[in-house]
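Hi,

Here is the structure I said I would pass on. Have a look at it first, and my notes follow below.

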Amino acid sequence: MSRIRKTFDTLKISNQKALIPFVTAGDPSPEMTIKILHQLVTSGADMIELGIPFSDPMADGPIIQRASERALAKNVGIRKTLEIAKEFRKQNQVTPLILMGYANPIEAIGIDEFLKLCKSSDIDGVITVDYPPEESKAYVEKLKQNDIDAIFLLAPTTEKKRIEQIIKQASGFLYYVSLKGVTGAQNIDIEQVKNRVGEIKSLTDLPIGVGFGVRDPETAKNVAKFSDAIVIGSRIIQEIEASDESNMLENINKIIRSIKQVI
Amino acid sequence: MQNYNFPDENGHFGPYGGTFVAETLIEALDELKVMYEQFKDDKDFLNEFHHDLKHFVGRPSPIYFAERLTKKIGGAQIYFKREDLNHTGAHKVNNTVGQALLAKKMGKPRVIAETGAGQHGVATATIAARLGLDCVVYMGSEDVKRQSPNVYRMKLLGAEVVPVESGSKTLKDALNEALRDWVTNVSNTFYIIGTVAGPHPYPMMVRDFNSVVGKESIVQMDELVGKQPDAVIACVGGGSNAMGIFYPYIPYENTRLIGVEAAGHGIETGKHAAPLTANSPVGVLHGNRTYMMQNDEGQIIETHSVSAGLDYPGVGPEHAWLKDTKRAEYVAINDEEALAAFHNLCRTEGIIPALETSHAIAYAEKLARDLSKDKTILVNLSGRGDKDINTVAGIAGIKI
C-alpha cells in the first residue's frame, strides 16, 4: 500500500482529515526549505506538497509565482528540488512527499531521469499541473510502474463523464480545485464545493483533497467536514514572504497548528 | 503535401501542439472546440466574417510590385501582400474579427487578449468596440514602455490595458496572465489569442481566420503575374502572419515557404528569439508542445529582439511541424539587418514597415540577390511601422 493511502487510512481511524501544506522548493533558500519541511511535520502536516519552481506557472496566482521566482533566483530547479527532498528523507521516512510541478522541467531532464530521481528521493506522488490525462497516458503508466501515485486535479467545471475518465488514471487521492481561478484566490463557496465533492465521492473510493482557496482555519474546518484532505499553499507562502529567518519557522508553526486543530 | 490535413482531432501536428493545460481550462477549451466546429463551415457565420473583412477591415488587401526595390537589388522580382493597409495596420485584425464574432455567437460579453507589440491588442480593442464587447488587454510592462502609442490607442478604443509585472514582463508573461484571467472568468469571457500558439483549438483556429491572406494571394498572383511565386516569405514570432499566408500555399510544391525569425543580437550570442533556426529543445508551454527557448532544466529563458512582436520564446506548433517535414524553411535576421531593411524600404518604396515585417523584408532582399530576374518572391508585408517610430528614433539617438 502506498504511503499516501496508508496515511489516509490511519487518519480515518481517529476521524481526522489530512492537512497538506504546499511550499515551493528553494523558497526562500534550499537550506531554509529543508527546515521548513521538518517544521511543517512537527506542526501537524500529514503530507507535504513540494513545488518544483517554474518560470511560467500558469495555474498559479501571484503569490506562488513569486515563490518560484525567489527559488529560481537561488538556482533551484527540478534537480535541486529532488535533492532537497532527498535531504528531508534522511530524517523523515514517514511523511508522504508529493511533488507539484509543470510538464516542461520534467520533459527537459527526461521522464525516465525524473522518475529515477523521484525513486532515489523516495517521492510518493506527483501532480503535473499541465498534463491532462489525454496527453499523459504513457507518463502515468510509468509513474505507476515506479509505485508513484499520479494525482490529478478536478475543477468546478469538470463534467461527470470526464471525472470518471480521470478517476481511472488517478491514484493516491484526487485534488479538487475549489474555485474557478488560480492558486491563492479568495472566497470559496462552501456549499458549492460540498455538492461537488459529494458528487465526486459517489463515483470513487479515492480520498479527495480540496485546495486553491483555503486560507484560514474557519474555511478549513468547514471544508474538512466533507473532504478527506485540505491543501493550503499561498497562505503559508505569505508567511514566508512576511518573515525573516529568525521568526519564519515560528510563524509557519502558528498557522499550521491553527488549521490542524480544527480539521 | 497534397493531402496535408493537420491538426488531428486532438490538435496534434505530428508530435507538436496538443492541449497542455490545467484541468481548470479543459471545459472552456472543449466548449470552444465544439462551437468552432459548429461555426467554421456555417454559411451565415462565414458571410458575416467576410462582410466585416470587406467593409470594416478593407479586404482584399492588394498585392504590390516593389519595382524600385527590385531594381535596386537587381535579382528576383519582389511583391508585397499589403496587410499593412488593413484597418488597424496589420494582419492581426483578420483573426480578431473571426474570434470576436465567435465570442458574440457564444454569448460572451467580455473578451481578453495578450499583446506584445500591441498590434493584436489594438485589433482586439477595435473589434470589441465595433461589437460592443468589454475588452481587457494584458501587456508586459516592458512592452508597455516600448509601444506607448499602441497603449494609448487601445485606451482610446475603450479597452483596459493591464501592464504585467511578472517574469520577463514581455509577451509570454502577458499570455500567462491572460490565461489566469480566463480561468477565473471563464463563464463570461472569451480569450482571443493573437497567434497560432496556445492549446488546441487556437493554433488551428487562428490559422484558419488568417488564411484569408494566402487564399487572396493565390488568386491575386495568378491575375497579376500569371503564376505563383517561387518563394513566400513571412516573419515568425508566434507565427500567425506566416501561417496565414503559408497554409493555403502548402499544396503548391513549387513555392518555397520561408519563415524569418528574429536573430536579435545574433543566434550565437543566445540573445535572440529564433527557436526554430537555433534548433531549441522541444518543450511544453502555453498549452502546446513546440520548439522552445529554455535552459537545461526546462526554465523558459528571456528572448531578445528589437521588435516586440517577435519577442517570444516559443513558436506555433504547426511551424515546428512544417520545419520537421521540411515543407517550410526557417531562417533568422538580426536587429541590425532588420533596421537596415526598415530604412531601405521607407526610402525606396514609400512604405514604413513594422519592425517585425522588416525581418521578412531583409531576408527577401538577401534571397532576391541570389535568384535570377525571372523568379518572383512574395513577402507578407504583415504590418505598418507607425507604432515603431519611437523605437527607431531612439536607436538613432533622436528624440521626437
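**The sheet in chain B**

Strand E5 (residues 110-115) of chain B pairs with E8(B) in the parallel sense, over three bridges. In that pairing, B:Arg110 stands opposite B:Thr189 of E8(B). Before I go on, keep in mind that this is a predicted model.

The two strands belong to an open sheet of four strands in chain B, with the order E7-E6-E5-E8 and parallel pairing. At the edges sit strand E7 (160-164) and strand E8 (189-191) of chain B, each pairing on one side only. From one strand to the next, the twist averages 25°. Helix H8 (residues 171-184) of chain B lies across E5, strand E6 (134-140), E7 and E8 of chain B, and runs at about 160° to E5(B).

**A helix pair in chain B**

Helix H5 (residues 119-131) and helix H7 (residues 148-156), both of chain B, pack with their axes 9 Å apart and at an angle of about 10°. Since angles under 35 degrees count as roughly parallel, H5(B) is therefore roughly parallel to H7(B). H5(B) brings B:Gln119, B:Gly121, B:Val122 and B:Ala125 to the contact, while H7(B) brings B:Asn150, B:Arg153 and B:Met154. By type, the residues of this contact split into three nonpolar, three polar and one charged.

**Over to chain A**

Which residues of helix H1 (residues 3-13) of chain A are buried? They are A:Arg3, A:Ile4, A:Thr7, A:Phe8 and A:Leu11. After H1(A) comes A:Asn15, with a positive phi near 55°.

A:Val177 is in strand E7 (residues 174-177) of chain A, and it counts as buried because its relative accessibility is 0%. Leaving out residues up to four places away in sequence, A:Val177 touches A:Leu153, A:Leu154, A:Ala155, A:Pro156, A:Gly211, A:Phe212 and, in the other chain letter, B:Thr24. A:Gly211 is 34 residues from A:Val177 along the chain, yet their C-alpha atoms are separated by 5.5 Å.

The other one is A:Ser68, placed in helix H3 (residues 62-73) of chain A. A:Ser68 is buried as well, with a relative accessible area of 5%.

Cheers

Methods
Residues numbered from 1 in each chain as written. Chains lettered and ligands numbered in written order. Predicted model: local features only at pLDDT ≥ 70, side-chain atom pairs only at ≥ 80, totals over all residues. Heavy atoms only, no water. Axes fitted to C-alpha atoms, helices over the stretch in contact; angles between N-to-C directions. Parallel < 35°, antiparallel > 145°, perpendicular 65-115°, else oblique. Contact = heavy atoms within 4.5 Å. Nonpolar A, V, L, I, M, F, W, Y, C, P; charged D, E, K, R; others polar. Buried < 20%, exposed > 50% of the residue type's maximum accessible area, 1.4 Å probe, protein only. Pairing = 2+ DSSP bridges.
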